[in-house]
Amino acid sequence: GLYALINNAGICICGEFEWQTWSQLENQVNVNLLGALRVTKHCLPLLKAGQGRILNVSSVAGLYGYPGLSAYCATKHAIEGMSTVIREELAKFNVNVITIQPGDFSKATHLLDNHHRNMNEMWGEMSDASREEYKEYFITYHNGVAKSGMTRKKMKPMSYLPDSLMRGFENALLTKVPDDNYLLLPTLYSQIKMITLSLLPLRLSQYLVSRRYRHSLPPVNNNPYLLRESVRSSSCSVISYDTASTKSYGSTISVSSLHTSSSIRL
């Protein structure tokens, strides 16, 4: 049998949803979510035989929505949901399912070391109108992430990871009766912050999480002319679900193409 499986592989690409390329969005889903599903599926027979445990590495981004991390948050919320469900399903086989929810250890884990390359890819695929629209906003965001979450020091992970993070994994792996969730945070301030957020209504806690983001960036260039040009450069498809024509084998979807500028008032 197998004693433990740790689903720890993950990538994080920072940037607003509109900026991120399809390849970047898809890669995060493939690695962070589908990778965990595939490995868990293949290892289940061994885990059941050994009455082992599964450690799914989620994140505080699986608890709240952090602007600039749309795909990453989506995958981590999915990991939380997956863990909750299979925890119940595998309990009858004495297989423990544990979620690890680390805070911001990005400098220690080199999670954002590809940020410059990722932002260049986003900028390269933006339309001229979008570049003009975001401009200083995009650059300020990029510099903020680069300053706060990156390190150029190539250290061995075991020599740099904080003790609090390592102890959390050890407890999840070695405790005879582990907790369902381990929230691992780098500082006392972050611990107090997360405890406070957990005591507040979700809507208020989400507001506080997003507040810093909203107040730390310059406004976008809301030039009406640029917005019109951006709209005119593309067309929009309206998809309607026709319930009246639904057959036993599926549903009929009718698509009509509209010129976007005729349906949006600027």
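A residue is called buried when its relative accessible area is under 20%, exposed when that area is over 50%, and partly exposed in between, as judged with a 1.4 Å probe on protein chains only. At 49% relative accessibility, Gln51 therefore counts as partly exposed.

The structure is a predicted model, in which local features need pLDDT of at least 70 and side-chain atom pairs count only at pLDDT 80 or more, while totals for chains, interfaces and linings use all residues. Residues are numbered from 1 along each chain as its sequence is written, and side-chain values use heavy atoms, with hydrogens and water left out.

## The chain as a whole

The protein chain contains 11 helices and 6 strands; these are DSSP runs numbered from the N terminus, with helices (H or I) of at least four residues and strands (E) of at least two. Of its 266 residues, 36% count as buried. Contact here means heavy atoms within 4.5 Å. Among contacts between residues at least 6 apart in sequence, 72% join residues at least 24 apart. The accessible surface of the chain is about 16300 Å², and carbon and sulfur atoms account for 57% of that surface. Such areas come from the Shrake-Rupley method with a 1.4 Å probe, and for residues only the protein chains shown count as cover.

## Nonpolar cores

In soluble globular proteins, nonpolar side chains tend to be buried together. A nonpolar core is defined as a set of buried Ala, Val, Leu, Ile, Met, Phe, Trp, Tyr and Cys residues joined through side-chain atoms within 4.5 Å. The largest nonpolar core has 19 residues, of which Cys14, Trp19, Phe138 and Tyr141 touch the most other members. The elements giving two or more residues to this core are α2 (70-90), α4 and α6. Helix α6 gives the most, with 4 residues. Apart from this core lies another, of 12 residues, including Leu5, Ala36, Ile86 and Val97.

Leaving aside neighbours within four places in sequence, Tyr141 is in contact with Cys14, Gly15, Trp19, Gly68, Met119, Tyr213 and Leu217.

## Aromatic rings

Rings of Phe, Tyr and Trp (its six-membered ring) pair if their centres lie within 6.5 Å; planes under 30 degrees apart count as stacked, over 60 as edge-to-face, and the rest as tilted. A search of the whole structure finds 6 aromatic pairs. One of them is the tilted pair of Trp123 and Phe138, with 5.0 Å from centre to centre and 45 degrees between the planes. Trp123 lies in helix α4 (residues 115-125) and Phe138 in helix α6 (residues 136-149), so this pair ties together parts that are 15 residues apart in sequence. Trp123 is partly exposed at a relative accessible area of 30%, whereas Phe138 is buried at 6%. Ring pairs also link Trp19, Trp123, Tyr134, Tyr137, Phe138 and Tyr141 into a cluster.

A charge sits over a ring if NZ of Lys or CZ of Arg is within 6 Å of the ring centre and within 35 degrees of the ring normal. Lys48 lies over the face of Phe93 in this way, at 4.2 Å from the ring centre.

## Residues in loops

Ser59 is found in the loop between β2 (53-57) and α2, and it is buried, with a relative accessible area of 6%. Its side chain reaches the backbone nitrogen of Ala61 at 2.9 Å. Not counting residues up to four places away in sequence, Ser59 touches Tyr72, Lys76, Glu80, Ile100, Gln101 and Pro102.

Two other loop residues have a positive phi without being glycine. Gln51, in the loop between α1 (22-50) and β2, has a phi of about 45 degrees. Lys135 has a phi near 40 degrees and is placed in the loop between α5 (128-134) and α6; Lys135 is partly exposed, with a relative accessible area of 39%.

| Residue | Helix | Relative accessible area | Partner | Separation in sequence | C-alpha distance |

Leaving aside neighbours within four places in sequence, Leu33 is in contact with Gln28, Thr75, Ala78 and Ile79. With neighbours left out in that way, Val209 is in contact with Tyr64, Gly65, Tyr66 and Leu197.

Definitions and conventions. Polar contact = N/O pair within 3.5 Å; in protein donor to acceptor, adjacent residues only side chain to side chain.
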